[in-house]
Amino acid sequence: MDERDVRILKAIADLGTGSPERINEETGIPVSTVHYRLNNLREAGVITNDLYDLDLDALGLGVTVLVEVLADYAGEHADVASTITEIEGVTTLLSTMGETDFVAVAHLPDDKAVGRLLREFERIPAVERTNSTYVIETLYDDARALSSYSTESLVEALVDE
């Protein structure tokens, strides 16, 4: 996979469509090239159906981490939630009752990214404590997780050198 493939996949996630014309408008990649690369991504198993769902393992985002967050905040609950959703890789954020205030789900490329993710949580002043769990097997997940990443981060993590 190269940078053009990643940019096409990111455009699909952001636009919610696999229209080669719309992808061309978003990325500047010629329509004929978009068609060709979409077919190659299907054959490689990265695109799994006509809805452009992605197999995150095949893409390279196969490490899933659940982060329980205990927060102590004086401000608004929504402000803390907004800060958490800005962390790259966080694809789901749940507000919970009980000891845990939030549960975040992150899809990451490797262990190094897990360390970065946890450091990002530590930088949030309202976060008192986290408890992280590696997922052994994903039984169901939203395949449009790319929308939580910047294109630059995806290129850095996923493009073959």
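**View 1. Leu 59 and the residues it touches.** Leaving out residues up to four places away in sequence, Leu 59 touches Met 1, Leu 9, Val 46, Leu 54, Leu 146 and Leu 158. This is a predicted model. Leu 59 is also among the residues with the most contacts inside the largest nonpolar core.

**View 2. The largest nonpolar core.** This core has 45 residues. Leu 59, Leu 108, Leu 117 and Phe 121 are those with the most contacts inside it. Helix 1 gives the largest share, 6 residues.

**View 3. Arg 37 and Asp 2 in a salt bridge.** The side chains of these two residues meet with N and O 2.7 Å apart. Look at where the partners sit. Arg 37 belongs to helix 3 (residues 31-43), while Asp 2 is in the segment before helix 1 (3-15). Arg 37 has a relative accessible area of 15%, so it counts as buried, under the 20% cut-off. Asp 2 is partly exposed, at 29% relative accessibility.

**View 4. Asp 5 and Arg 37 in a salt bridge.** In this pair, the closest N and O atoms are 3.0 Å apart. Asp 5 is buried, with a relative accessibility of 10%. Arg 37 is buried too, at 15%.

**View 5. A network around Arg 37.** Salt bridges link Asp 2, Asp 5 and Arg 37 in a network. Arg 37 bridges to Asp 2 and to Asp 5.

**View 6. Glu 99 and Arg 129 in a salt bridge.** Here the side chains meet at 2.4 Å, N to O. Glu 99 sits in the loop between strand 2 (90-95) and strand 3 (102-108), and Arg 129 sits in strand 4 (residues 127-134), so the pair ties together parts that are 30 residues apart in sequence. Glu 99 has a relative accessibility of 56%, so it counts as exposed, over the 50% cut-off. Arg 129 is partly exposed, with a relative accessible area of 38%.

Note on methods. Residues are numbered from 1 along each chain as its sequence is written. This is a predicted model: local features need pLDDT of at least 70, side-chain atom pairs count only at pLDDT 80 or more; totals for chains, interfaces and linings use all residues. Side-chain values use heavy atoms; hydrogens and water are left out. A salt bridge is a side-chain nitrogen of Lys or Arg within 4 Å of a carboxyl oxygen of Asp or Glu. Helices (H or I, at least four residues) and strands (E, at least two) are DSSP runs, numbered from the N terminus. Buried means under 20% relative accessible area, exposed over 50%, partly exposed in between (1.4 Å probe, protein chains only). A nonpolar core is a set of buried Ala, Val, Leu, Ile, Met, Phe, Trp, Tyr and Cys residues joined through side-chain atoms within 4.5 Å. Contact means heavy atoms within 4.5 Å.
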